[in-house]
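Please keep the structure open beside the text as you read.

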Amino acid sequence: MSEPTRNTPPTPTPIRFFGTTWVSHDNGYGLRRAGVAVGSLAAAAAGCFVLRFAYDGLAIADVGGFVNILLVAMFAICSAIAFRRTWQGYTRRPDPTTEATLRSLKGIGFVGVLLACFFRSLTEAPGEKLHRTEYETAVTQYERRRGTRTGNPAARKTKPKPKRR
């Protein structure tokens, strides 16, 4: 959200692939959502295909069953954590320090991130709820600040102070 000054109204923050079409759902918003859904699902499928090649490579190298189990468990756990963190990030602002710490985990669990994007894009643009809440709050605050007073404030009468005995 861009910081508005006292005299300028707030402007919506663009969302990747959607720009500011999420505000009024215009200019191909539905098509963009469908495109993001299809694209993220296709990317997740391609990622699983690549992971399958990596698993086959380990099987050919005959590294042992324990390493194969560790590899599958690592990708499954990292994908689950990445899915959960990404899903939560669509509804509330994540802590930047924690996100920086989990960046490598999200990289390993990229399939979870892509699946979270797919499932969120079935109902709204990923992150739309968060951005809409922030934007509506900023507009409400702007309207409240901008509201005009009625009458002349200098002409207001002050209440007389009660006399003390």
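Twenty is the number to start from: the lining of the largest pocket is made of 20 residues. If you want to find its middle, look for Arg16, Thr86, Tyr90, Pro126 and Gly127, which lie nearest the centre of this pocket. The model you are looking at is a predicted one, and in it the largest pocket has a volume of about 520 Å³.

Now ask which elements supply it: α2 (65-89), α5 (110-121) and α6 (128-146) each bring at least two residues to the lining of the largest pocket. The largest share comes from α2, with three residues.

Let's move on to the second largest pocket, whose volume is about 160 Å³. You can trace its lining residue by residue through Leu51, Arg52, Tyr55, Leu71, Val72, Phe75, Ala76 and Ser79. By class, this lining holds six nonpolar residues, one polar residue and one charged residue. Two helices, α1 (29-61) and α2, each supply at least two residues of the lining of the second largest pocket. Which of the elements gives the most to that lining? Again you will meet α2, here with five residues.

Take α2 with α1: their axes come within 10 Å and cross at roughly 165°. An angle over 145 degrees counts as roughly antiparallel, so α1 and α2 are roughly antiparallel to each other. As for the hand, α1 passes α2 in a right-handed crossing.

Next, compare α2 with α5. These two helices pack at an angle of about 40°, and their axes are 7 Å apart. That angle makes α2 and α5 oblique to each other. Their crossing is right-handed.

What is the hand of the crossing of α1 and α5, left-handed or right-handed? For this pair the crossing is left-handed.

Finally, a word on confidence. Across the protein the mean pLDDT is 88, and 88% of the residues reach 70 or more. Among the elements, α5 has the highest mean pLDDT, 97, while α6 has the lowest, 90. Both α5 and α6 are among the suppliers of the lining of the largest pocket.

Notes: Residues numbered from 1 in each chain as written. Predicted model: local features only at pLDDT ≥ 70, side-chain atom pairs only at ≥ 80, totals over all residues. Heavy atoms only, no water. 1 Å grid on protein atoms, 1.4 Å probe; cavity = no way out; pocket = protein on both sides within 12 Å on 5 of 7 lines; lining within 4 Å. Points joined across faces, edges and corners; volume = space filled by probe spheres on them. Helix = DSSP H or I, 4+ residues; strand = E, 2+ residues; numbered from the N terminus. Nonpolar A, V, L, I, M, F, W, Y, C, P; charged D, E, K, R; others polar. pLDDT = per-residue confidence, 0-100. Axes fitted to C-alpha atoms, helices over the stretch in contact; angles between N-to-C directions. Parallel < 35°, antiparallel > 145°, perpendicular 65-115°, else oblique. Left-handed = near helix turned anticlockwise from the far one by under 90°.
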